[in-house]
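This report describes selected features of one structure. The sequence and the model are shown first.

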Amino acid sequence: MKTWEQRERARLMLAREVGYVRKPHGGRLRVALAFPNTYYVGMSSLGFQTVYRLFNDLDDVVCERTFLPPKQELQAQLASGAPLVTLESQTPVSEFDVLALSVSFEWDYTNVVTLLRLAGLQPRASARSARDPLVVVGGAVTFVNPEPLALFADVIAAGEGELLVPALAAAIRECPERGDLLRRLACERGFYIPSFYDVRYAENGTIAAYEVKPGTGAPPTVKKAAVKSVERLDPPATSIFTPDTEFGSRFLIEVVRGCANLCRFCWAGYNYLPVRAFPADRILELARQAKVHSSKAGLVSIALCDHPEIERILTGLLEMGYSISPASLRLDDLTEPIVRLLRQSGERSITIAPETGSDRLRRVINKTVTNDEILAATDLIFANGIDNLKLYYMIGLPTETEADLEAIRDVTVQMRDIMLKHGRPRGRLGRIVGSVNPLIPKPGTAYQWLPMEDPAVTDAKGKRLRQLLSGLDNVYFNIKSERHSYYQALLSLGDRRIADTIEAAERNGGQWRAAVADTGIDAGFYIFRDRSKDPVLAWDIIDGGMKASFFQTEFSKGLREEWTLPPKRQRENIKLIPVLD
Ligand code: SF4
């Protein structure tokens, strides 16, 4: 796509938006904020929108957005050599002081490389100069394992934007020289400068140590930045409305951050601690202001009902005339008023995550609900007029057996019976839609040392589950194959040595098998290795606040089928939650 075509498209997109910020560039720090995917995907991200607001809240900063073009136009744009421009002023990205990338998914790693190339920049940090924009990588993936992106980034911003954005802007203001700036950032919480570390490898290929380069002043590990209290913070909320996103013009707002359930596989649960509830009054005030642009509210939180005033928030939104869509709801928090309020707002479907079918295996993974509680919640859901239920399950969990697969079928059948019991008298039968994913052991969880299950075993389990669930009317299951998760696991568990593979996959159009073969990477080493003896894990460079000894204890407790109960059920759990000093 030629430059004039990009400009024309940008103007058309802006014409359909409400709430974008346009500031003169003169005298301001210029930040190009990129989502390494299309506009449609990027503008659905509340994190991306929030960082845009946080930068533009600073008077001396102008932040403009940029995205990848749609897939069918990408090659033409790369071939044309037309530089990638921002949406707001259609300025080439390469002319900005900072290129900040918000990366939410591992699958977007190749897009990071594409975006840098489109912007006319060298993908590798070592090949860029101080005249190029400072390339900062942030977003959800930096909470998990930023190391596969280490060689592409000048700076990795690990943690929450509310702290990182003002700190980055202040450092740039005070340090015009690039070297000074990097040394200054290295001393700040949450900023990881990959080029300040040499990685030493042991003979068996594991990481022996991250060694700080002399004279950089970088710390041995980088503490993640997280706000202690959100009492005086505005909750992240949609600030730009456009119909051209996955959620349409839905008003998205974060209600509560974190989840204290401590499920042993869940990176989000461990990494967004401690649990912090945004002020209910401010949530409702922002919703009131947004009402002219939207009639649908999407509540973004991993444990929505952990908000102490959730019923008041739902009632308030309902009174304003919103239809309300929660993200997944935690089973143990569902109450009759919550389900009733959601139904009254027009919601016809609720998503819950039993994760597996047996109480025994739920104790292993620390999902602290029982089948009895799940069935009681199901009754509550269908009795209150909700038609459809979405379920999340996993396979490939530690200690899983055939009996656990049968238990998935059994509990699903019982849920279906409850749906029929309530649906038949109403003359309206809904659907139960299950999604089954193989477990990918995630960095920063109690399963971070665990190898992924043998693909043949996982595929056999998927096949068995399909048999068990076949022929059930009104029940539909999507069982993902292990192959789908294999390369995602590589990106999730990899280190900076897989940068070559990411570049190869970017060049060959996402053919990961060929990319791995061409770059000589042993993917199995990353995915199927027991890491419990590794002296250092790739993601240990970021200190997320949880101690390895805690994860080890949790893993052992899991094998003994013991729960670590969340604070609501057992006060002692509070002391497990990290203290942010
Ligand atoms: S309930 Fe468990 S899986 Fe769900 S967000 Fe909390 S810790 Fe994660």
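## Ligand surroundings

The model is predicted. Around the ligand stand Cys 259, Asn 261, Leu 262, Cys 263, Phe 265, Cys 266, Gly 269, Ile 302, Arg 330, Glu 355 and Lys 367. By class, this shell comprises six nonpolar, two polar and three charged residues.

## A three-stranded parallel sheet

Three strands form an open sheet with parallel pairing, in the order β10-β13-β14. The edge positions are taken by β10 (251-254) and β14 (323-326); each has a single partner strand, so one side of each lacks a neighbour in the sheet. On average, neighbouring strands of the sheet are turned by 25 degrees against each other, direction ignored.

Four bridges join β10 in the parallel sense to β13 (residues 296-300). Within this pairing, Leu 252 has Gly 298 of β13 as its bridge partner.

## Aromatic pairs and cluster

The whole structure contains 17 aromatic pairs. One of them is the stacked pair of Phe 241 and Phe 251, with 6.4 Å centre to centre and 25 degrees between the planes. Because Phe 241 belongs to the loop between β9 (222-223) and β10, and Phe 251 to strand β10, the pair ties together parts ten residues apart in sequence. Both Phe 241 and Phe 251 are buried.

One aromatic cluster consists of Trp 107, Tyr 486, Tyr 487, Trp 512 and Phe 528.

## Charges over rings

The charged end of Lys 291 is placed over the ring of Tyr 322, at 5.3 Å from the ring's centre. Arg 529 lies over the face of Phe 525, 4.1 Å from the ring centre.

Terms used
Residues are numbered from 1 along each chain as its sequence is written. This is a predicted model: local features need pLDDT of at least 70, side-chain atom pairs count only at pLDDT 80 or more; totals for chains, interfaces and linings use all residues. Side-chain values use heavy atoms; hydrogens and water are left out. A residue is near a molecule or strand if one of its heavy atoms lies within 4 Å of it. Ala, Val, Leu, Ile, Met, Phe, Trp, Tyr, Cys and Pro count as nonpolar, Asp, Glu, Lys and Arg as charged, and the others, Gly among them, as polar. Two strands pair if DSSP finds at least two bridges between them. Helices (H or I, at least four residues) and strands (E, at least two) are DSSP runs, numbered from the N terminus. Axes are lines fitted to C-alpha atoms, for helices over the stretch in contact, and angles run from 0 to 180 degrees between N-to-C directions. Rings of Phe, Tyr and Trp (its six-membered ring) pair if their centres lie within 6.5 Å; planes under 30 degrees apart count as stacked, over 60 as edge-to-face and the rest as tilted. Buried means under 20% relative accessible area, exposed over 50%, partly exposed in between (1.4 Å probe, protein chains only). A charge sits over a ring if NZ of Lys or CZ of Arg is within 6 Å of the ring centre and within 35 degrees of the ring normal.
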